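User: Please examine the following structure and answer a series of questions about its fold, packing and pockets.

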Amino acid sequence: MNDLFTWAALGSLAGASAATLLATNVIGGLIGPSGDKLRKWIAIGIALLLSYVTAAFADDAGGEKWIIAFFNALVIFSAALGVNQFPPGNRQATQPSPTQVAQGREPRVFRSWV
């Protein structure tokens, strides 16, 4: 169990970004296709939550930790979102294969929600 998420891992950029991405995709998947538009908002909410919870446990920081927590949340959100997808011209269009279109299926895995 110690090899999965730990409190220390969630406090790191990599851990918080992975948790944000994972939770966003699971929640969006549970909502269904209508949840695709909400995924960005879900992701920023989770990033803010993780960042402010981490700031709450920081004993040695002063009042500025709340401002820093906001910017840390933006970093977590950007890492989970995939900053390599900005600007929109750099994104690859995700087109379903002709076989999937003929069968009436749209690919569900690794679909961009940007």
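**Fold, core and pocket of the predicted model**

The protein chain of this predicted model has five helices and zero strands.

User: In what order do the elements of the protein chain run from the N terminus on?
Analyst: The protein chain holds five helices and zero strands. Read from the N terminus, its elements therefore follow the order α-α-α-α-α.

User: What percentage of the 114 residues in the protein chain is buried?
Analyst: A residue counts as buried when its relative accessible area is under 20%. Among the 114 residues of the protein chain, the buried share is 25%.

User: Is Ser-17 buried or exposed?
Analyst: Ser-17 lies in helix 2. Beyond its neighbours within four places in sequence, Ser-17 is in contact with Ile-76, Ala-79 and Ala-80. Its relative accessibility is 10%, and the cut-off is under 20%, so Ser-17 counts as buried.

User: Why does Asn-25 count as partly exposed?
Analyst: Asn-25 is found in helix 2, which spans residues 13-31. The partly exposed class lies between the limits of under 20% for buried and over 50% for exposed. Asn-25 falls in this class because its relative accessible area is 29%.

User: How far apart in space are Asn-25 and Asp-36, C-alpha to C-alpha?
Analyst: Asn-25 and Asp-36 are eleven residues apart in sequence. In space, their C-alpha to C-alpha distance is 9.2 Å.

User: Which helix gives the most to the lining of the second largest pocket?
Analyst: The second largest pocket has a volume of about 190 Å³. Of its 16 lining residues, those closest to the centre are Ser-51, Thr-54, Ala-55, Ala-69 and Asn-72. Helix 2, helix 3 (39-56) and helix 4 (65-81) each supply at least two lining residues. The most, five residues, comes from helix 4.

User: How many charged residues are in the lining of the second largest pocket?
Analyst: By class, this lining has ten nonpolar and five polar residues. The number of charged residues in the lining is one.

Note on methods
Residues are numbered from 1 along each chain as its sequence is written. This is a predicted model: local features need pLDDT of at least 70, side-chain atom pairs count only at pLDDT 80 or more; totals for chains, interfaces and linings use all residues. Side-chain values use heavy atoms; hydrogens and water are left out. Helices (H or I, at least four residues) and strands (E, at least two) are DSSP runs, numbered from the N terminus. Buried means under 20% relative accessible area, exposed over 50%, partly exposed in between (1.4 Å probe, protein chains only). On a 1 Å grid over the protein atoms alone, a cavity is a set of points where a 1.4 Å probe fits but cannot get out, and a pocket is an open set with protein on both sides within 12 Å along at least five of seven lines; lining residues have an atom within 4 Å of a point. Grid points are joined across faces, edges and corners, and a volume is the space filled by probe spheres set on the points. Ala, Val, Leu, Ile, Met, Phe, Trp, Tyr, Cys and Pro count as nonpolar, Asp, Glu, Lys and Arg as charged, and the others, Gly among them, as polar. Contact means heavy atoms within 4.5 Å.
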